[in-house]
Amino acid sequence: MRHFIIDTDTASDDVVALLMALREPSVFIEAITIVAGNCVIDQCRKNALISIEKSGAYIPPVYEGMSKPLFRERYTSHHIHEKDGMGDMNLPESSLVSEDKHAVDAIIDIVRKFPGEIEIITLGPLTNLAMAVLKEPDLYKLVKIVYIMGGAGLKPGNITPLAEFNIYADAEAAHIVLNSGLPLVFCGWELGMEDAFINEFDMDKLSSISDLGQFAVRCNRTLMEFNEGRCDKKGFDLPDPITMAVALYPNEMIVDKLAVYGYVEYQSERSYGHLVIDSNHLLNKPHNMTVITKIKGNVFKHKLFTLLS
């Protein structure tokens, strides 16, 4: 059995990723840790608890974490996911409750409990993980692997011309994580814009397979509207579920990847949040990250449909 910690700023695509992981029998989620990002922290917690209820699976503990970036003002994505993060569904509160322990302490305690076994999947800003690194500098010795939904690969950003949202929301935290020694695998947002893009046919199929499939389509409604205005495509991308699928099924999902040195720009206002990938090894520095550059979109959709059916 594989052991996961999922760190999330729970908006609509995070929710789909959580549903996938909760319904995959080969993994056990030791914790879901909440970080502010797409939404304010209270809304992120509410959405995570709702996701657990809707999954029809087991109930992992939920820990609330950092409510703002390390040094900057909080930046949300209400223009993409609406204030509730769920396409303005205004869902009622879950009957479940979160734990009292802080998410940063939960990450450290669980990693110590399962040394060398924990796989961390981050679906939001890296604030919680950065704080865990600062509090426990030897964290890298205890974690098996970290899958990060962050950056834009070798393509443009989605929140500025250079930056992807999760990195932009707390670039200082991303800088700390990149220099932590942790084994990092980055899945950029651009992976969802090609073969894995959820088109009209896919939305019809999801809606037909189950209530969960319908829920996955409905909660991404405003993301679909955002994409229509941005790239003239009918449908929505799912970067967080793609990252989850890469974590769940790396041998089936990954077509190509780069072992490279990378760094985050956090000092320049104009390029703040840019995850710089030295793909040509011009800096002659040892690699500190693996970047997934190509996936099997058809495999992703098959896994998505199967897990939500």
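Visitor: Which residues touch the most other members of the largest nonpolar core?

Guide: This is a predicted model. In its largest nonpolar core, of 68 residues, M244, F300 and L304 touch the most other members. Helix α1 (residues 12-22) gives the most to this core, with 8 residues.

Visitor: What is L304 in contact with, leaving aside its neighbours within four places in sequence?

Guide: L304 is in contact with V16, M20, I198, L206 and L238. Contact here takes heavy atoms within 4.5 Å.

Visitor: What residues does the second, separate core include?

Guide: That core has 42 residues, and M66, I118, I120 and L184 are among them.

Visitor: Why are α8 and α9 called oblique to each other?

Guide: Helix α8 (residues 200-209) and helix α9 (residues 211-218) pack at an angle of about 140 degrees. Roughly antiparallel needs over 145, and roughly perpendicular covers 65 to 115. The pair is therefore oblique. The axes lie 5 Å apart.

Visitor: Which residues make the contact of α8 with α9, and of what class are they?

Guide: From α8 come M203, L206 and S207; from α9 come G213, Q214 and V217. By class, that is 3 nonpolar, 3 polar and no charged residues. Gly counts as polar.

Visitor: Which residues of helix α4 are buried?

Guide: In α4 (residues 103-113), A103, V104, A106, I107, I108, I110 and V111 are buried. Buried takes under 20% relative accessible area.

Visitor: What do the buried residues of α4 pack against?

Guide: They pack against strands β1 (2-8), β2 (27-34), β3 (62-64), β4 (118-122) and β5 (143-149), and against helix α5 (127-135).

Notes. Residues are numbered from 1 along each chain as its sequence is written. This is a predicted model: local features need pLDDT of at least 70, side-chain atom pairs count only at pLDDT 80 or more; totals for chains, interfaces and linings use all residues. Side-chain values use heavy atoms; hydrogens and water are left out. Buried means under 20% relative accessible area, exposed over 50%, partly exposed in between (1.4 Å probe, protein chains only). Helices (H or I, at least four residues) and strands (E, at least two) are DSSP runs, numbered from the N terminus. Axes are lines fitted to C-alpha atoms, for helices over the stretch in contact, and angles run from 0 to 180 degrees between N-to-C directions. Angles under 35 degrees count as roughly parallel, over 145 as roughly antiparallel, 65 to 115 as roughly perpendicular and the rest as oblique. A nonpolar core is a set of buried Ala, Val, Leu, Ile, Met, Phe, Trp, Tyr and Cys residues joined through side-chain atoms within 4.5 Å.
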